[in-house]
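Subject: Structure for you to look at

Dear colleague,

Here is the structure I said I would pass on. My notes follow it.

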Amino acid sequence: MKKSPIIALDFHSTKEALTFLEAFEGGINVKVGMQLYYKEGPAIIAKLKEQGYDVFLDLKLHDIPNTVKSAMEVLAGLGADLVNVHAAGGQTMMEAALEGLDKGTPSGQQRPSIIGVTQLTSTDERQVREEQLIGVSLEQSVLQYAKGSKAAGLDGVVCSVHEATSIETTCGKDFFKVTPGIRLADSGNQDQKRIATPEQARLAGSTHIVVGRAITAAADPRAAYDVITAQWEGLK
Ligand code: C5P
């Protein structure tokens, strides 16, 4: 995946997604999540690849190891550049995911990168303590998931900007820290709890930022993308 912001294409249809992308040059990073993938299936990945986009297929697999392995074997053939699983599925499940991905990658092609989702950016400290009954801080929980992801051989994690620095210290600079929950200083949180600006992400050591509504719901999405890219690259 290139280093440029990854736009979350949280749309209902291929038509809506492609119409939205008309304002952008091909070659940018996009993310296909459950909403679009469950509606359009593998064809949406093929279409976006055909048009030159780098694609993060964000399906957050979480099941028994054998099921995740088989599913990854199938996903490996779709052409996505990056896929993910929930680190909460455990180390054996993550190892199985990697095995399936290796097995399903067509010969001569590069295996998609794979990352573990730690704690969702919509989760806060209270939920970790009171709902999940985890007796450590949210940051420690995220870090533990990051260590498990690394030990399983994954390429990185999804985390919030607030944990990126400690993950860099523990897991290294090259280990992907893909951070959603990105907002410009003047925009609202919506359902996200652990938010940060593109500049904070860069300073904290995020390797990639995922941006949805701050771009897709903006009055001028292209202008919003340009502002976010400039902040992310440190030009502004
Ligand atoms: O609109 P917004 O920028 O909040 O969208 C963030 C995107 O990143 C959504 O598509 C969401 O599913 C995804 N995501 C997330 N938190 C994670 C993993 C993925 O918000 N931990």
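In these notes, Ala, Val, Leu, Ile, Met, Phe, Trp, Tyr, Cys and Pro count as nonpolar, Asp, Glu, Lys and Arg as charged, and the others, Gly among them, as polar. The model is predicted: local features need pLDDT of at least 70 and side-chain atom pairs pLDDT 80 or more, while totals for chains, interfaces and linings use all residues. Residues are numbered from 1 along each chain as its sequence is written, and side-chain values use heavy atoms, with hydrogens and water left out.

Overall fold

The protein chain has 11 helices and 8 strands (DSSP runs numbered from the N terminus, helices being H or I of at least four residues and strands E of at least two). Its radius of gyration, taken over C-alpha atoms, is 17 Å, close to the 18 Å that the globule rule gives for 236 residues, so the chain is as compact as a globular protein of that length. That rule is 2.2 Å times the number of residues to the power 0.38. The C-alpha trace spans about 45 × 40 × 30 Å along its principal axes. Of the 236 residues, 52% are buried, meaning under 20% relative accessible area with a 1.4 Å probe, protein chains only.

Pockets

A pocket here is an open set of points on a 1 Å grid over the protein atoms alone, where a 1.4 Å probe fits, with protein on both sides within 12 Å along at least five of seven lines; lining residues have an atom within 4 Å of a point. Grid points are joined across faces, edges and corners, and the volume is the space filled by probe spheres set on the points.

The largest pocket has a volume of about 540 Å³. It is lined by 27 residues, and Lys31, Asp58, Lys60, Pro180 and Gln192 are the closest to its centre. Helix H2 (34-40), strand E3 (54-61) and strand E8 (208-211) each give two or more residues to this lining, with the largest share, 3 residues, coming from E3. By type, the lining of the largest pocket holds 11 nonpolar, 9 polar and 7 charged residues.

The second largest pocket holds about 230 Å³. Its lining includes Met1, Gln109, Arg111 and Asp155, and divides into 4 nonpolar, 4 polar and 3 charged residues.

Thr179

Thr179 lies in strand E7 (residues 176-179) and is buried at 0% relative accessibility. Beyond its neighbours within four places in sequence, Thr179 is in contact (heavy atoms within 4.5 Å) with residues including Cys159, Val161, Ala201, His208 and Val210.

Regards

How values were computed: Buried means under 20% relative accessible area, exposed over 50%, partly exposed in between (1.4 Å probe, protein chains only).
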